[in-house]
Amino acid sequence: MGSVAVMELQEYSRNRANIVKEIVKLERKMFPKHESLARSFDEELKKKNSGLLYVEVEGEIVGYAMYSWPSSLSASITKLAVKESCRRQGHGEALLKMAISKCRTRNLQRIMLHVDPLRTPALSLYKKLGFKVDNLIESYYSADRNAYRMYLEFDCA
Ligand SMILES: CC(C)(COP(=O)(O)OP(=O)(O)OC[C@H]1O[C@@H](n2cnc3c(N)ncnc32)[C@H](O)[C@@H]1OP(=O)(O)O)[C@@H](O)C(=O)NCCC(=O)NCCS
């Protein structure tokens, strides 16, 4: 497997509008309405302390991750997804590693995230990169969909 080039969306990226449009399209396709950020993507991006990472293959966006750091202590991974036909090629892991590394350089103490326990690939990826399950939050996404809250604690050393 070759290395994956992960990019970060910049405020003044020339093709910013197109990149966001493509990601919103993927978001609509991959997530049910109650879990989708499609309608609020622009607002999420306008938040001061947030970042959007993406992977492009042959001019097409195939995966993205969104993260934010609302406080100086803790960050959240608010989104991670790879287009179905491009999975199991290392894109998800590369995106998550980059998001972790961006948070690490901001001297935050931990990263939190929520994931449906039934999303086995995502759960396994988070565990692979060191996230631990904190607790189960019932009816987090909808009446019949729970979430694990997970965290990754950084060493203070
Ligand atoms: C989770 C997701 C982003 C993984 O992306 P990906 O590019 O396929 O993942 P990678 O190829 O980088 O795989 C990295 C690790 O993820 C885990 N993983 C990925 N696919 C998996 C699968 N089908 N079953 C079990 N583990 C899986 C493994 O730990 C894998 O490591 P390994 O290759 O050493 O076994 C992708 O499956 C996805 O978009 N799922 C739908 C959206 C989603 O659930 N997002 C998370 C919401 S919180």
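**Close-up views of the predicted model**

View 1. Arg88 is exposed, because 9 other C-beta atoms lie within 10 Å of its own and a residue with 12 or fewer counts as exposed. The model shown here and in the other views is predicted. Arg88 sits in the loop between E4 and H3. Its phi is positive, at about 65°, although Arg88 is not a glycine. For residues other than glycine, a negative phi is what most show.

**View 2. Glu58 in its loop.** Glu58 belongs to the loop that runs between strand E2 (50-57) and strand E3 (60-68). The phi of Glu58 is near 45°, a positive value in a residue that is not glycine. Is Glu58 buried or exposed? Glu58 has 5 C-beta neighbours inside 10 Å and therefore counts as exposed; the cut-off for this class is 12 or fewer.

**View 3. The shell around the ligand.** The ligand is surrounded by 19 residues. Arg87, Gly92, Glu93, Pro121 and Leu125 are the closest of them. By type, the shell around the ligand consists of 8 nonpolar, 6 polar and 5 charged residues.

**View 4. Elements that supply the shell.** Which elements each supply at least two residues of the shell around the ligand? They are strand E4 (74-82), helix H3 (91-104) and helix H4 (120-128). H4 provides the largest share of this shell, with 6 residues. The loop between E4 and H3, which holds Arg88, is the one in View 1.

**View 5. The chain as a whole, for orientation.** The chain contains 4 helices and 7 strands. In sequence order, these elements follow the pattern β-α-α-β-β-β-α-β-α-β-β. The radius of gyration of the chain is 15 Å, close to the 15 Å given by the globule rule for 157 residues, so the chain is as compact as a globular protein of that length. Along the principal axes, the C-alpha atoms fill a box of roughly 40 × 40 × 35 Å.

View 6. Of the 157 residues in the chain, 25% count as buried.

Definitions and conventions
Residues numbered from 1 in each chain as written. Predicted model: local features only at pLDDT ≥ 70, side-chain atom pairs only at ≥ 80, totals over all residues. Near = placed C-beta within 6 Å. Nonpolar A, V, L, I, M, F, W, Y, C, P; charged D, E, K, R; others polar. Buried ≥ 20, exposed ≤ 12 C-beta atoms within 10 Å, placed from the backbone. Rg over C-alpha atoms; globule rule 2.2 N^0.38 Å.
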